[in-house]
Each structure stands twice: as C-alpha cells, then as structure tokens.
Amino acid sequence: MFNIKGSIVALVTPMEEDGNISWTSLFDLIDWHIDSGTSAIVVVGTTGESSTLNVSEHVQIIEQSVHHASSRIPIIAGTGANSTKEAIYLTKAAKVAGASAALLVTPYYNRPTQKGLIEHYKEISSEIDIPQILYNVPTRTACDLLPETVALLSDQENIIGLKEASTDPERFNKLKKELGVKATDESFLLYSGDDISACNFLLQGGHGIISVTANVIPYKVSKICELAISSRTEEALEANQEIDDLNKALFIETSPIPVKWVLNQLGRIPVGIRLPLTSLDSKHHSEMELILNKLGLLN
C-alpha cells in the first residue's frame, strides 16, 4: 500500500551550462535527500523541467533515479502530459523502471472539461497498475481539477492521492467535504503543492507536501512536516516562520529559476537551465543572498 507522508521533494534536474543533464549532480542530490530525512523524491515534475526535456531524457531520468536510489527512498515519476497517449506512455515507462508511483499533472493548454479530465485519468488508471497521484496547478495549466471530480476519480483503485496547488484558500476544506472518510482514513492522500501555505495545509489534516523548498533545506522541511502532522502546532508554525522568506523568494521568478540559482550558489548543482527558462535576474541576487545568509546556508 502506498502511504508516504511528510516531505516529498520536487527535485530539480541538474544541468551543465550547455544544458546537458548532470548525472553526477543528480545522484548526489538523491543521496543528500536520503541522508536528510526526505520521505520521497519526485523526479521530472514541474521543478524538474519536464517541459524542457524530450521523451527519451524524461524516461532516462526516471530509470537512472530509480536505479541509483536502489530502494533507499521512493521515487515518484512525473508522467503527466496534455496528450493522454503520451501520459500513458510515460506512466508505463515509470512502471517498468520501478518507480513507486506516478504524479500526473492535469493536461495543460488544451483546457479539457471536467468530463474530459475524468476520462483522461480513468484511461491512464485502467492502462497501468501503478499508484497514481493527481496534480492540480491551475495557475500553470489553465485547467482546474475540481474537488467533486477528485472525489469521483478517488474511486479508481490505483488513484491514491492528489497534489493540490490551487490558490483557493477554501480548497482543502472543499476536498475534505467531497472525499468524506477517504480524506481522514488515509485511503486517499492529500499533498500540498504550495510551500508558502503548506504548513497550514498539514495542520488541517493534509498528509504531506511536494516541495520546492525541500531542494534547499530538506531537513528543515522534513522537520516541519513531522511537527505539523503530529499536531505540534506551535512548534510547526514557529519553524515554518523561520523559512517563510525563503518559501516566498523561491517563487520570485518562475520556478525552477530561483531554486536552481540557489542550489548553484550552494555548490549543489551546475549553473545550467534550459530555454525558454533563463537564470535568475541579477536584481534578485542580493535579496536571495541575504535570505540564505540569515538561514546560515552560505559560508
């Protein structure tokens, strides 16, 4: 049974300056997260620049990550696409590679109806026997997976959770209402997809976060999740307040631009990022350095 809770890092894809994948850096990041208490790793999601990778690279990153992790930490593969056939292909590849689950973003750009979303996800679910996590991020996809649609899809045996990144402050309560007992008995897992509001999400009964910030401070994010899930509210809020500036700064430009710049400054990855994404504008560098120094991350 898939029952991963806590801090799940939405891992960057390290790249050399010429845009080639830095496999050594990728493997080092996986090892670091294992040592830092991260609960699981999402590869080739939004933060992993799935949209700038070709299909062959996408599959290779899943395969190599699973192989290097060697069952030391669960690998969740981002396999969503705006073509149902492509999503099926990628999800099958993740299953063959040995991924623990697949994360499937809503189809972007073509703006399907709720009926279309139901059929899309049911088709993938029926084709591949692997735990599948729905992913709703309307600000990036122009498509909103509504709570009632999530509830319908939760009846599919291998659709086991949702990464919710809606900006609707009432979305969590709406999801709990529609899902009923499934939201509380852990038969359907609810993950925050927004670092800024994640602590409150967990304190309301969420099961974890799929986090950008965990790329930079994996131990701290893991600890906040542990505190919040165990209802140590004051401690969780206090710890979260300490990283609030970083949570916000990592979205000062389109993610993963800021987080890749920070990881490069910390010596974790090379400088590479692929067009149409570009490196963080120099006007933000001083602010970022101030935040990193405050957290004791820069020597």
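**Entry 1: a ring pair in one helix.** I began with Trp23 and Phe27, which sit four residues apart in helix α1, so about one helical turn separates them. I keep in mind that this is a predicted model. My search of the whole structure for aromatic pairs returned two. Trp23 and Phe27 make up one of these pairs, with 6.3 Å from centre to centre and 35° between the planes, and I noted it as tilted.

Entry 2: Next I looked up Phe172 and Phe201, whose ring centres are 4.6 Å apart. Their planes stand at 70°, over the 60 degrees needed, so I call this pair edge-to-face. Phe172 belongs to helix α7 (residues 171-179) and Phe201 to helix α8 (residues 198-203).

Entry 3: How do α1 and α2 pack? I read an angle of about 45° between helix α1 (residues 23-35) and helix α2 (residues 55-69), and their axes are 10 Å apart. That angle makes α1 oblique to α2. I also noted that their crossing is right-handed.

Which residues meet there? From α1 I listed Trp23, Leu26, Phe27, Ile30 and Asp31; from α2, Gln60, Ile61, Gln64, Ser65, His68 and Ala69. Sorting the residues of this contact gave me six nonpolar, four polar and one charged.

Definitions and conventions: Residues numbered from 1 in each chain as written. Predicted model: local features only at pLDDT ≥ 70, side-chain atom pairs only at ≥ 80, totals over all residues. Heavy atoms only, no water. Axes fitted to C-alpha atoms, helices over the stretch in contact; angles between N-to-C directions. Helix = DSSP H or I, 4+ residues; strand = E, 2+ residues; numbered from the N terminus. Parallel < 35°, antiparallel > 145°, perpendicular 65-115°, else oblique. Left-handed = near helix turned anticlockwise from the far one by under 90°. Contact = heavy atoms within 4.5 Å. Nonpolar A, V, L, I, M, F, W, Y, C, P; charged D, E, K, R; others polar. Phe/Tyr/Trp six-rings, centres within 6.5 Å; stacked < 30°, edge-to-face > 60°.
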